[in-house]
Amino acid sequence: MTEPTPTPPQDAPAQSAWAYLRFRVNRDIGMALAWFRSKWAQSRLFRIMASLAGAGLALWIAVFVWLASDLPEAETLLTYETPLPTQVRGYDGGIVHSYARERRVQLQYADFPQKLIEAYLAAEDKTFFSHGGVDFLGTANAVFDYARKAGTGERAVGGSTITQQVAKNLLLGDEYSVTRKLKEMILAGRIEQVLTKQEILELYLNEIPLGRRSFGVQAASRAYFDKDVDDLELHEMAFLAILPKAPERYGRKGQEQAALERRNFVLNQMEANGFITGSERRAAAAKPLGIVTQRRERSVDAGYFLEEVRRELIERFGENAEDGANSVYAGGLWVRTSLDPQIQLAARDALREGLLRYHGGRAWTKPIATIDVREGNWASQLQSSPLGISYRDWKIGVVTSRSGTSARIGFADGNEAPLYGLPDALKTGHVIAASPSGNGWNVRTIPEAQGALVVQNAQYGRVLAMQGGFDNRLSDFNRATQAMRQPGSTIKPFVYATGLDNGMTPSTQIDNSRFCYYQGANLGEKCIRGGPGGGGQHPMRYGLEQSQNIMTVQIGMSAGMPNVVSAIAKLGIGKFDPYPSTALGAGETTLSKMVAAYSALANHGRLNQPTVIDYVQDRRGKVLWRADMRECRGCSMAKWDGKPMPRLGLKGTQAMDARTAFQVMHMLRGAVSRGTATVLNPLGLPLFGKTGTTTGPKDVWFIGGTQQMIAGAYVGFDQPRNMGGYAFGGTISAPIIKSLIEKTRAKWSDLPPVAPQGVRMVRVDRRSGKRVLDGWPTDDPKSAIIWEAFKPDTEPERYTRQDEIAARRNEILQLIRAGRQSAAGAVVDDNPDALPGMAEEQGGTD
């Protein structure tokens with residue numbers, strides 16, 4: 001029987017090849033070992049050379065292990081976040097400012113112009129797309145240059161590729177040493193394994209330091225040419241490509257020729273590498289550098305507002321990178337604010353005009369600051385100071401010398417000029433404001449009195465503008481939010497509101513003849529008479545329109561001062577004491593709080609806390625925080641359910657009866673049409689508001705507006721003192737608001753205010769408050785018949801001839817009683833502004 005022939009396995013060829021390979025390897029290694037043993041035994045020189053080579057290899061391995069042991073991981077670049085400044089936008093989305101200590105803008109690779117990329121490749125690393133992270137020829141040249149310059153103090157050429165520069169800038173730092181260079185080379189190889197060439201270039205072009213506090217080519221493009229990268233011309237791209245070699249040198253004054261030579265070298269390299277043609281190179285080389293010395297201002301002049309935003313952001317997200325991923329100066333936040341640039345600039349100008357108007361022809365008083373000019377570094381001292389001014393053509397400078405009637409002024413750029421209009425008190429070293437005059441400069445006076453102005457959306461609490469002084473570069477103290485001042489008569493509307501909540505109506509008759517108050521057993525009773533022409537009984541409206549102190553205190557005492565201060569506290573104005581003086585503005589608060597409280601009057605009693613930030617997004621657009629936390633249920637339905645359109649609920653808290661708020665606002669319209677704020681009446685808007693003048697006078701106020709928008713302003717000295725007997729809210733602060741409205745007239749609605757449910761509009765006689773049925777109101781502010789707002793079942797009775805006779809009789813009886821009490825020994829004070837228990841400086845007069 002014949003044996004069958006075995007069938008070879010299917011993978012026999014592969015097994016044979018593998019067996020052959022093992023055979024060859026074993027044979028070759030064996031032959032090499034045999035050769036090495038033979039040479040080692042026969043030659044002493046071979047033994048020495050082999051030992052040295054082995055030691056060198058061991059040393060290299062040890063050094064490599066040592067260098068690589070503490071290197072950062074290249075993988076971290078996959079999630080690397082460029083430290084970016086915070087961009088601040090206004091109410092319409094336009095950029096108004098950025099919070100940045102360094103200029104940084106992050107772009108994607110596709111955003112960089114191809115010619116700009118080629119300029120950097122020609123200047124820094126022409127073999128970038130072909131090497132593995134290290135250019136060994138360039139490295140050898142760098143080693144030779146390092147050896148040649150050793151001991152001379154000169155810095156050798158770097159020889160670094162773009163990948164090595166990324167490793168240095170992002171992972172290692174700029175230490176000048178051989179060790180750092182070796183680490184850089186190791187990391188470059190690792191980076192090339194982790195990132196694509198395009199990703200490496202994107203990091204490089206976004207992170208490279210290029211001088212003028214600029215990191216990345218977009219920021220540098222702005223800093224040197226005031227352009228975006230896609231607007232750059234070829235010669236400008238070539239200039240930016242020379243900056244990595246010496247970022248703080250080529251952009252300086254006096255280095256123009258060196259910059260031109262280096263720029264033209266880059267253009268030559270671009271031509272040699274085929275990136276541009278000869279004609280393109282010649283045209284670009286013929287152009288000047290074109291570096292700008294003054295960038296266009298890209299920030300709205302809203303220093304006080306923007307500082308308030310910055311403070312809130314730091315409190316919420318932190319300031320620097322170590323404070324968190326969304327910090328103000330590294331997180332790349334996008335912040336939408338409520339700032340309206342047009343209203344802000346108008347508010348700035350209106351307040352400045354008002355302060356200068358009040359200052360009038362007063363003499364120069366004191367310098368802004370004082371510096372020592374004897375050491376000769378006055379220019380650098382000015383440069384390092386935060387002082388500045390943005391008003392007309394004024395500049396901040398220092399008096400560098402004065403001799404009799406001649407003086408010179410120096411500026412931060414080092415230039416000097418003659419100074420004219422010298423006050424007697426002006427001395428060398430005084431930092432002042434000045435404006436151009438002929439071949440020199442004239443001394444200008446910064447108003448000593450200061451103030452603030454706030455504009456707020458009444459329905460949502462969004463602050464549209466905030467000016468906390470003449471200029472935040474001269475004083476960063478924000479008088480809108482930080483200055484605690486007595487509100488004077490601007491507090492009165494809330495006293496009247498308390499009266500309305502406690503049974504009174506706008507037609508309730510209030511005695512304006514006098515107010516008596518028991519001071520104790522030793523002092524007895526003290527009485528204060530009303531002002532001339534205002535005695536007798538008057539409707540509540542009259543007291544608010546004409547800012548009558550006696551009537552206000554009578555209302556506050558009748559309603560209960562504890563109720564008054566409780567109402568004031570609910571509106572966020574502050575915690576005041578329940579004294580009669582509080583009804584006239586004793587106590588302290590801020591302009592911002594008062595504007596918010598008046599906004600509640602316009603908003604049917606709903607109080608919104610003032611906000612300057614609408615919402616905050618991270619660098620990828622995710623909303624991190626928003627001021628309006630209301631939910632809109634049903635807004636994201638995939639399909640309409642047939643029900644009414646979903647709407648957001650009401651915003652804010654109900655701090656006051658809606659009907660009461662409207663009644664007070666309606667009465668305050670009379671203060672504009674025929675009361676203490678008639679300066680605003682010609683504007684033709686449905687304005688309401690209240691003036692205020694504290695005793696002294698030390699502060700003058702006006703707060704008011706429409707149902708949509710409220711504005712408030714005050715003027716006074718930072719260290720309160722008498723402003724002069726002619727200073728009133730109606731003559732100083734109300735004109736400031738008038739100027740603001742005139743500059744922004746289109747922003748103000750002329751729609752009449754809308755009353756809440758439960759308010760009845762009734763025709764009444766303006767003087768008596770009685771109901772009228774046989775006449776109609778007119779547009780004349782002095783019309784005898786007006787519309788008045790009442791709650792249900794509180795409307796007054798009809799006015800008759802008998803009411804007129806009774807009113808006259810009561811007036812005569814009041815005079816008779818006053819005479820009898822005076823004869824009986826009661827103390828009567830003729831000062832309508834002084835109240836018992838109130839310090840002389842407290843209270844209000846208008």
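**A buried asparagine and its surroundings**

N457 is buried in this predicted model, since its relative accessible area of 17% falls under the 20% that sets the limit for a buried residue. The residue belongs to strand β12, which covers residues 450-457, and that strand is in turn part of an open sheet of five strands.

**Contacts of N457**

- A polar atom of the N457 side chain lies 2.9 Å from the backbone nitrogen of Q459, and the backbone nitrogen of Y460 likewise lies 2.9 Å from a polar atom of that side chain.
- When neighbours within four places in sequence are left aside, N457 is in contact with R462, L464 and Q708.

**The sheet**

- The five strands of the open sheet follow the order β13-β12-β24-β23-β22, and their pairing is antiparallel.
- At the edges of the sheet stand β13 (463-467) and β22 (688-693), each of which pairs on one side only.
- From one strand to the next, the twist averages 5 degrees.
- Within the sheet, strand β23 (residues 699-705) pairs with strand β24 (residues 709-716) in the antiparallel sense, over seven bridges, and I710 in β24 is the bridge partner of G705.

**Helices packed on the sheet**

- Helix α19 packs on the sheet and touches β12, β22, β23 and β24, with its direction making about 150 degrees with that of β24.
- Helix α21, which spans residues 729-743, also packs on the sheet and touches β12, β22, β23 and β24, while its direction makes about 135 degrees with that of β24.

**Nonpolar cores**

- The largest nonpolar core holds 70 residues, of which F305, L313, F494, I573 and Y598 touch the most other members.
- Helix α19 (residues 591-602), already described as packing on the sheet, gives the most to this core, contributing nine residues.
- F494, one of the residues touching the most other core members, touches I568, L571, I573, M594, A597, Y598, L601 and M656, if residues up to four places away in sequence are not counted.
- Another core, of 49 residues, lies apart from the largest one, and its members include L121, A167, I200 and I242.

Terms used:
Residues numbered from 1 in each chain as written. Predicted model: local features only at pLDDT ≥ 70, side-chain atom pairs only at ≥ 80, totals over all residues. Heavy atoms only, no water. Core = buried A, V, L, I, M, F, W, Y, C linked by side-chain atoms within 4.5 Å. Buried < 20%, exposed > 50% of the residue type's maximum accessible area, 1.4 Å probe, protein only. Helix = DSSP H or I, 4+ residues; strand = E, 2+ residues; numbered from the N terminus. Contact = heavy atoms within 4.5 Å. Polar contact = N/O pair within 3.5 Å; in protein donor to acceptor, adjacent residues only side chain to side chain. Pairing = 2+ DSSP bridges. Axes fitted to C-alpha atoms, helices over the stretch in contact; angles between N-to-C directions.
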